[in-house]
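Hi everyone, thanks for making time for this. I'd like to walk you through a structure that may be new to you.

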Amino acid sequence: MKALKGEIISNDKISENIYKMTVFSPYMVKHCIPGQFVNIKCSESTVYDPLLRRPFSIYDVEEGFKVFSILYLIKGKGTKYLKSLEPGDVIDFLGPLGNGIKVDDKSDKKYLLIGGGMGVAPLFYLAKSLILKKNNVFLAAGFKDNKFIFFEKAIQLLKINYQFFSEDGSHGAKGIVTDFLNNHIDEYRDYTIYSCGPSEMLKSLKEIFLRNNIKNKAYALFEEIMACGIGVCKGCVIKTIDKDNKYIYKTVCKDGPLFELKEVVFE
Amino acid sequence: MNNFADGRLAVNIGDIYLKNPVIMCSGTFGSGLEYNEIYETQIIGAVVTKSFSLKPMEGNKPPRLCETSSGLLNSIGLQNEGIEFFIQDQLPFVKKLKISPILSILGTSSLEFAELASKIIKIEHELIAVELNLSCPNVNKGGITLGSIPDSVEEVTSIVRKTLNIPVIVKLSPNNDNLIEIAKRAKSGGAACVSLINTLIGMAIDINTFKPKLGNVIGGLSGPAIKPVALAKIFSLYKAEVLPIIGMGGIFSWEDAIEFMLAGASAVGLGTVNFVEYDAAINIINGLIDFISKNNLNNISDITGKVKAGQ
């Protein structure tokens, strides 16, 4: 982890309210792993509204160009500021942060990736890293509508198997990704599972895995409002349960954002 | 590195000597270990650790954070691993990294503070001072509940002071209307100085769900939004000539630090800024050196309390 400044290479609208920002950073490219994030200052250097930095997961890394990218949805002051930046501008960020996913050098393993909405962002970098090590990857993702067609185009380049769902039927099959999984869970009993998406989706996944007695490892990437991003303020906690059935609040920024689904307590 | 130990920055706050007047506030900097990955935290005048209690505390129900206009509401609830964790697991690294630690402690009664102090005896030579957290607004017992009662403040301060041979700092709340009385009782108990201000009690509500935005309903407000309140509190306590003051509350720049010293602070604490500008301490210390040179000061403490108000 380092406090870094990086030149913006591109900052483009790729769908309604969704942008992709690519940043030059040899340090990040050398050190980051899938599932990690950066904490970006989303205001001019001496302006403090919005006050806190904003965490964004790493969407992609292109080693040859020494760039990494993030996806962001325009939501408030912070993301509006990001949107206003242009190639050549410099962003101030801390990274790479969080535990992330160490992709094993051994290949030929099976991975099931499950995404919901903006939660697909870190799964792209993960899928790409897994494919690079010649693993078998299946991606299932669900969206509200057809705003993520760009994501399907990106995924197609990785040449992995995938299935997309949308609630309104405008992109992929009509339905929700958790229903699909509920019906097909037996096909994925020997897969390692990584998921990222809304809390309700992760909660349903945990229930499906419990109900079907899924023994293999199932992980999820979590998101919370953060302040420090490095584990000191204890602000971004989620409730977990340990082996002795004791509840512990763990920080999403440092203990996570990757947790085993079985240890997370949804309330 | 030498710059940060420029003799003109060295200050005495009561019987506490610091190489420079920049301190990290409790709860915003861990024990300085994480931040040491970003820059050498030994340059800082002192790092006040996260508050440690006798037993581990799990903290409050999330959500614990809510951003407001130029402010941050938190209701962490003093989640910590307990005093033994600091002594066994953190202090060796704090020493190795040459961090100057002020240990913040939190008890729910004078008895607990006494027990905490007795556990600290064996490591007190490693510490610059201890800070008594008598002002956290996010816990039901201890914190502000204890810190708003003058008798308790004096009793707790006195117990810790008598057990230890190192200076005792009392961290005060802006939420009590008897600030000067409390400070006087901290002095009677033997405090070397006070830290002022802890967070202001605040609240935020989600208009869609009608629910408070913090799991604990209320929390403590910090950041630039509270700076004017902090300055006024420090100014009023300085005028009352009770104890030296470590001033804090929304300091984000060296200019802010100068303002706090003019209002009466002998040293300044950086808190929320640590989440926003990771290397704030470096910029602020450098800014103070430039200010000293530009104004031909012998020492930064020359400006403490020198605001020209009503003279």
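This is a predicted model: local features need pLDDT of at least 70, side-chain atom pairs count only at pLDDT 80 or more; totals for chains, interfaces and linings use all residues.

Chain A is divided into two parts, with domain 1 covering 2-97 and domain 2 covering 110-263. If you take the C-alpha centres of the two domains of chain A, they sit 22 Å apart. On the domain 1 side, 24 residues take part in the contact, and domain 2 brings 22 residues to it.

So how much area do domain 1 and domain 2 of chain A bury between them? The value is about 1900 Å², and 69% of that is on carbon and sulfur atoms.

Now for the polar side of things. Between the two domains of chain A, the count is one salt bridge. A:Asp60 forms a salt bridge with A:Lys128, and their closest N and O atoms are 2.8 Å apart. The count of residue pairs in polar contact between the domains is six.

Which elements give two or more residues to the domain 1 side? They are strands of chain A: S1 (2-15), S3 (37-40), S4 (54-57), S5 (60-62), S6 (67-73) and S7 (90-97). Sorted by class, that side of domain 1 has 16 nonpolar residues, along with four polar and four charged ones.

That's my tour, and I'm happy to take questions.

Note on methods: Residues are numbered from 1 along each chain as its sequence is written. Chains are lettered from A and ligands numbered from 1 in the order in which they are written. Side-chain values use heavy atoms; hydrogens and water are left out. Domain bounds come from an automatic or database domain assignment. Contact means heavy atoms within 4.5 Å. Buried area is the accessible area (1.4 Å probe) that two parts lose on being put together, summed over both. A salt bridge is a side-chain nitrogen of Lys or Arg within 4 Å of a carboxyl oxygen of Asp or Glu. A polar contact is a pair of N or O atoms within 3.5 Å; within protein, one must be able to donate a hydrogen and the other to accept it, and residues adjacent in sequence count only if both atoms are side-chain atoms. Helices (H or I, at least four residues) and strands (E, at least two) are DSSP runs, numbered from the N terminus. Ala, Val, Leu, Ile, Met, Phe, Trp, Tyr, Cys and Pro count as nonpolar, Asp, Glu, Lys and Arg as charged, and the others, Gly among them, as polar.
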